[in-house]
Amino acid sequence: MIELLLLSTILKTDTTTTEPQRLEEVVVVANGQGGKRSAKGQAASIDEHLKELNHVELVRRGSYAWEPTVNNMQTERVSTTIDGMKIFYACTDKMDPVTSYVESSNLQSILLNSGLNGNPQATGNIGGALDLKLHKAGFSAKSFSAGADIGYESNGNLQVYGASAAYTSNSFYTNGGIFYRHADNYKEGGGRVVDFSQFQKVNAYDNFGFRLSPLDAIEGTFIFDRATDVGYPALNMDVAKAEAFITSLAYNRRWEERFVQSWETKAYYNHITHIMDDTTRPDVEIHMDMPGESWTTGLYSLLRATKGSHNLTANYDLYYNRLFADMTMYPGGAAPMYMVTWPDVGTLNTGAALSDDIRLGNVSLLHLSGKLSGQHQRLNNDEGYKALGVFFPGMKREFHQTTGRIAANYQLSISNSQFSIGAGWGSRAPTVTEAYGYYLNNTFDQYDYIGNPRLKNESAVELNANYQFSISNFQFSIDGNAFFFSNYIIGQFEPRLSVMTVGAEGVKVYGNISHARIINASLTSKWDVLPWLTWNTRLGYSTGTDDEDDTLPLISPFSYTTSLNLHHGRFQGKAELRGNARQTDYGKKYGETQTPAWAIFNLSANYQLSVSGHQLALRAGIENLFDKRYTTYADWCDIPQKGRNIYINLSFEL
């Protein structure tokens, strides 16, 4: 059964050793003990797991493949990996975030490193880093297990079917499965159908391992994911096909009672194909084909060691990625027009990371981390290189960048209080879109965007703090961070250029502004009112401004979630109120419109039982109970969210 365990980045003292342990914020997707359960169980999408994390919001362009943001920063400032593997989306409109290519049945956990304290494989993670850890059966006594899942949601006629199986022994294991999702157009609050919000997807996976000796093993992963007929009501086009092939092979070695505890080396390859399509849209003035592809191959080698009060991690990683996208327009009665939008950019990146958790007595911990990366890029497509050269005469074909990060965090635990404070500095290179994109239309502000190969690296200083207080039946925590940017990268209006897209307001070219800032704060509490009743609350506030004190786009307004959780034996139930205040500060300068306040009420329940020794879980619930029509600040072009939605899911394990 899927369980969600939400852990803040705190200092927690082990009651047996009294040694402080530094914990990241993590959603445990499989085999979790205690903590918070997923309302939808195995049928929950990755997006529904992600929204449980405190620092994460989701930008929604339809009902499929939402883009995760961390600390109110989008993909450009967030590193997302799958089991440490670098993967890059293949869509110039960000319709296919990395998180869209996995399924919850193949995940063990989702680990969030907030801010500059990134995981060893993360690069350019000013806002934070997400690592999706795959579920692996592991080595154990010989056994076989299997499971099945089925789910249905009334709004959009969403159907979910899944099956998985695992075999384990002392020398070999394998676990695999297949998942299928299908949805029709959903209805917003009030009953109006939101056209072009349908999708269907199939995901198949297998993880395996061979033990070479009691202390070393070889492990592999294979994932195939294919989504078709995906509608995006917030965009001008839909997706005919989004397909991913992801594979890896790793060698793991452990040592007993030595300075070096473990060594993992992994090689991987992935290929993403993404084809945008507008043939199903009515009244298309000019039909367009917009395919994109991403190829990534890489490796990393990770060492973990312990010496006295030090817990050391050293990592070397290298990857090579190619991104290519083009567009063919078919004006009626005229010859087709062709344009390269990503000029087959090859990126070779290599970096070394080092971190150390230093125990300072029994109640405090100092965490130090740093990474240095070098990057080489080349524009391989002649047509794309020459087209961009019209706007930037004399531009080079090859570019070199050096980026890095360094962070420190001190944590102290005294009696019932836990406190941490940290700081860091980091930089990132411009993305392929920011540096080399060519006439990419953004429906958020209705501008065409052009990249700028002369951009400077963006950098930021981060300050963060956390305080937690707990007694027997009550826990309270407050968390805050602030990011102060230099050379912040954002699109800037260029009146001298003409639009390419019909209906576009103008053209923007990516540029550096001198400074910007983003500040986030959150408060969470948990109160065990009665042995069978718990009250959870979470409040959040953020602000972000540019160098002229104008509000940055897609900054969350004041948000709140409060829920009553009932638990008795095998039964659990939850009543939840979730909402946002009116968006008083919004990025009008950047094409953002104001979002009104909203609040929705959700009910859910689940019951687990054992039938002939097999585990069965039944889950049901109602989302948006009062069928309210609402839009959040992160809904692209103000597309409305789902109205009332009744769901029921069944999970069965042999």
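**Labels and what backs them**

Reader: Why is Arg-60 called buried?

Author: Arg-60 has a relative accessibility of 3%. Buried means under 20% relative accessible area, exposed means over 50%, and partly exposed is in between (1.4 Å probe, protein chains only), so Arg-60 counts as buried. A quick note on where this comes from: the model is predicted, with local features needing pLDDT of at least 70 and side-chain atom pairs counting only at pLDDT 80 or more, while totals for chains, interfaces and linings use all residues. Residues are numbered from 1 along each chain as its sequence is written, and side-chain values use heavy atoms, leaving out hydrogens and water.

Reader: What makes Arg-60 and Asp-635 a salt bridge?

Author: Their closest N and O atoms are 2.9 Å apart. The label asks for a side-chain nitrogen of Lys or Arg within 4 Å of a carboxyl oxygen of Asp or Glu, so the pair qualifies. This bridge links distant parts of the chain, 575 residues apart. Arg-60 sits in the loop between strand 4 (56–59) and strand 5 (67–70), and Asp-635 in the loop between strand 32 (614–623) and strand 33 (645–653). By the way, helices (H or I, at least four residues) and strands (E, at least two) are DSSP runs, numbered from the N terminus. Asp-635 is buried too, with a relative accessible area of 2%.

Reader: How many salt bridges does the structure hold, and which residues are linked in a network?

Author: There are 35 salt bridges in the structure. Lys-40, Glu-48, Glu-153, Glu-623 and Lys-642 are linked in a network of them. Within it, Glu-48 and Lys-40 bring their closest N and O atoms to 2.6 Å, and both residues are buried.

Reader: What makes Arg-428 and Glu-458 a pair that ties parts together?

Author: They form a salt bridge, with the closest N and O atoms 3.0 Å apart. Arg-428 belongs to strand 22 (residues 417–428) and Glu-458 to strand 25 (residues 458–471), so the pair ties together parts that are 30 residues apart in sequence. Arg-428 and Glu-458 are both buried.

Reader: How do you know that Thr-81 is buried, and what does its side chain make a polar contact with?

Author: Its relative accessibility is 0%, so Thr-81 counts as buried. You'll find Thr-81 in strand 6 (residues 78–82). Its side chain makes a polar contact with the side chain of Asp-131 at 2.7 Å. A polar contact is a pair of N or O atoms within 3.5 Å; within protein, one must be able to donate a hydrogen and the other to accept it, and residues adjacent in sequence count only if both atoms are side-chain atoms.

Reader: Is Ser-498 buried or exposed?

Author: Exposed, because its relative accessible area is 55%. Ser-498 lies in the loop between strand 26 (474–493) and strand 27 (506–530). Leaving aside neighbours within four places in sequence, Ser-498 is in contact (heavy atoms within 4.5 Å) with Tyr-439 and Val-507.

Reader: What makes you say that the buried residues of helix 2 share a side?

Author: In helix 2 (residues 382–391), Gly-384, Ala-387 and Leu-388 are buried. They cover an arc of only 95 degrees around the axis, which puts them on the same side of helix 2. That arc is taken from the directions from the helix axis to the C-beta atoms. On the other side of helix 2, Lys-386 and Val-390 are exposed. What covers the buried residues includes strand 19 (337–359), helix 3 (432–436) and strand 24 (447–450).

Reader: Which residues touch the most other members of the largest nonpolar core?

Author: Ile-82 and Ile-110 do, in a core of 81 residues. Strand 18 (residues 310–330) gives the most to this core, with five residues. A nonpolar core is a set of buried Ala, Val, Leu, Ile, Met, Phe, Trp, Tyr and Cys residues joined through side-chain atoms within 4.5 Å.
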